[in-house]
Every structure is written in C-alpha cells, then in structure tokens.
Amino acid sequence: MPPLSTCNGVNSTQTITQSKTSEFNNLESSSEKSAGSILQSTSDECDKVEDNDIDDDSKSKHVVKIVWRNVVLFAYLHLAAIYGVYLMFTSSMWQTNVFTFIMHLFSCLGVTAGAHRLWCHRSYKARLPLKIFLAFIFTVAFQNDIFEWARDHRVHHKYSETDADPHNATRGFFFSHIGWLMCRKHPEVIKKGKKIDLSDLMADPVVRFHRKYYLPLVITCAFVLPTLVPMYLWNETFLNSLFVATFFRYCFSLNQTWLVNSAAHMWGSRPYDVNINPRENVMVVLGAVGEGFHNYHHTFPYDYAASEYGIKNNFTTFFIDIMAWLGLAYDRKTASRSMISERKLRTGENRPKVPIPRVNGVECYAKED
C-alpha cells in the first residue's frame, strides 16, 4: 500500500500551457453567461479570510434574486421523492430498493472521494482508471460538473461564512441547505471567486472531458441508466424505476450532501477550532459517508481522511484506502498526530484556559487548579 504523506497544507498547483487555458476558457463562456458562474484564477484555495475583507457596499446593496425555475424543479423533485418513498413500501421490488441504495452509496462516493477530496482539495492522487470511475459515479449524483463543484467548494473554504461563501451558513439553515441554489449568487461570490486557483482542474483531461460533455453524460448516468436497469434486469415497472431508483435516490443523495453545508455548520462540537462555525456532527457523518467531521475538515482541509479517526464511521476514507491497496490511489495526505494535538490545545473548545509561553512556536495551555 502506498505510504501516507504528512504535510502542513495543500500542494502547489500545477501549471499548464496557454493553449490548454484557452481551450478550457472556451468551455466556460456559455455557462458563465447563462448561470452567472465564476471565472477564477490565482492563489491558495483553502486559507480562510476575515469578514472585513468583504465589500461593505456589496453587503448593504445586495438584493436576493430568486431563480423561480429552480424553485419549481426542486419542489417537484421533493414531491416525486416522497411518492418514491411510498412506492418503495407498497409496490417496488426488493431488488429495486437494494439497487437504489447501492446507487445512492456510489453517487455519494463520487461527491466525497471524487469531487471533494480528490479534485477540490487534492488530498490524494488517483490513477486514470479510478479518476474515470469517480467521474462516472459523480455524474450519477448530478451536482454539476467536476470543475464547477470544485470551484464553488474552494470559494466556500477560503471565504467561509462571509458573503463570498456560496452557501453562507450565517444566512440561516434553509439558505445554506438549499436556498443558495434557488437564487443568484451574491456579487461577492463572483468577485472573490476570481482569486481562486483552478489551473490544476484545467490541466486534468478527465475534468475537461466531463465539463465538455456534461449534459449528455448526466442525462445518461443520472436518469436514463438508473431507470432502465431495474426495468430490463428484473422487470421492474417504469413508474417504480423512475420514482424510486431515480427521483428518490437523487433527492435523498442531494439532501445528504446539503446537510454538510447546513447542519454541520450549525450543530455539533468544535474540538479543533472554536473560531469557525463548522462542527463535528455524527448524524451528518453517517448520512454523508464520512463528511460530517466538519470542524476537523475546515481546520485540516488537505487531510484525505477528513477526520482524525481514519476509517472509523468514514466509508469514504475506507474506500480510498482500498483503492490505495489496489494501487489506484496514492500520495494520501494527512495531518500529523502532534499537529492535531497542538491545534486542540491552542484553539479547541476543550482547551485549557490558562496560557503558558509558546513551545517550538506553538502556544500551549496549563490547566487551572
């Protein structure tokens, strides 16, 4: 099994040729005009900034613009998912229910092991077969293309809980959960997003292919295949296949991901850093296949396990470790035990209260009598 690497931050980004940059920017143009997404360049994607770096004029003048098309589509999706739950218990075959769970699990891994830990945070490296597989199951999840997902998530980390955060949790549970997808982005998201380095994503041929052919890929992987497989392999009805294996599975997976943005930023403990909102939330850990150790993740975003506890309650880390054992994943980054302990002492909610002089550049604390 390839060794783990211990480090203090993310690797420097790759550089690419001008021709690749130009080719990728051409892919950007149409979606930028229609969806108001972000063109970005330069600098470290994970360093947190302070709220006073955000333009005060933007705060006072911003008016929320609702995207009613998205409101209607999300409303229909949730109603369809509720009907799918009814069909699961009344008419769908057990094979369909098992298939739905497996598709949910793999689509979540596409988000967590793929778009999140591999492409966004570069917390480990993957060989081409694994990249292709992760791109496929991420497409099943239907959460935008890899480039767009990683871009927005890097903005979220650098400008967390400010107006530049796409799903700023200080605007409430509903906004951070789903509301941010029902309105136009805050101007600060677009402005500050231009400072995020995306050259490594532009250099990846899997990411470029996924973005270029995203529409036919997502229609096929997220809707056509999940509907047809139960129908042709075990003679499930079209209605059960569509509403259980497709609509319910998609809606359920979406909400598990959204809970990381909402619940895991509001409820739970903060053993690593009390100065940030993200929390350790056990329920989110279970639902999002290991992504709920969120105080840890925002403190050490480059750690491939996204947790201090390795594979414990963390199916995504278990999956990556299996891929490493097979030789498909390598260069897994992790925070050292000493770094974690020192951070807990310095900023964790259970830290001792009486400061003593710094030791080796790290501020330590003595317990009160």
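Let's start with Met323, which is buried, at a relative accessible area of 12%. Buried here means under 20% relative accessible area, with exposed over 50% and partly exposed in between, using a 1.4 Å probe and protein chains only. Before I go on: this is a predicted model, where local features need pLDDT of at least 70, side-chain atom pairs count only at pLDDT 80 or more, and totals for chains, interfaces and linings use all residues. Numbering runs from 1 along each chain as its sequence is written, and side-chain values use heavy atoms, leaving out hydrogens and water.

So where does Met323 sit? You'll find Met323 in helix H15; helices (H or I, at least four residues) and strands (E, at least two) are DSSP runs numbered from the N terminus. Leaving aside residues up to four places away in sequence, Met323 touches Leu130, Leu328 and Ala329, where contact means heavy atoms within 4.5 Å. Arg127 is 196 residues away from Met323 in sequence, yet their C-alpha atoms are 9.7 Å apart.

Now to the largest nonpolar core, with 36 residues. By nonpolar core I mean a set of buried Ala, Val, Leu, Ile, Met, Phe, Trp, Tyr and Cys residues joined through side-chain atoms within 4.5 Å. Which members touch the most others? They are Trp119, Tyr124, Leu130, Leu134 and Phe319. Helices supplying at least two residues each include H4 (94–120), H5 (128–141) and H15 (315–325). H4 gives the most, with seven.

Have a look at Trp119 while you're there. Its contacts, not counting residues up to four places away in sequence, include Leu134, Ala150, Arg154, Asp200 and Val207. Apart from this core lies another one, of 16 residues, among them Phe74, Ala81, Phe247 and Trp258.

Let me turn to the annotation. An unreviewed UniProt entry places the feature "transmembrane region" at residues 67–89, 101–120 and 213–234; those positions are in the numbering used here, feature names are shortened, and annotations may be inferred rather than shown by experiment. In the model, residues 67–89 are 96% helix and 0% strand, with end C-alpha atoms 34 Å apart. Residues 101–120 are 100% helix and 0% strand, and there the end C-alpha atoms lie 26 Å apart.

Finally, the whole chain. It has 16 helices and six strands, and 54% of its 369 residues are buried. Of the contacts between residues at least 6 apart in sequence, 73% join residues at least 24 apart. Thanks, everyone!
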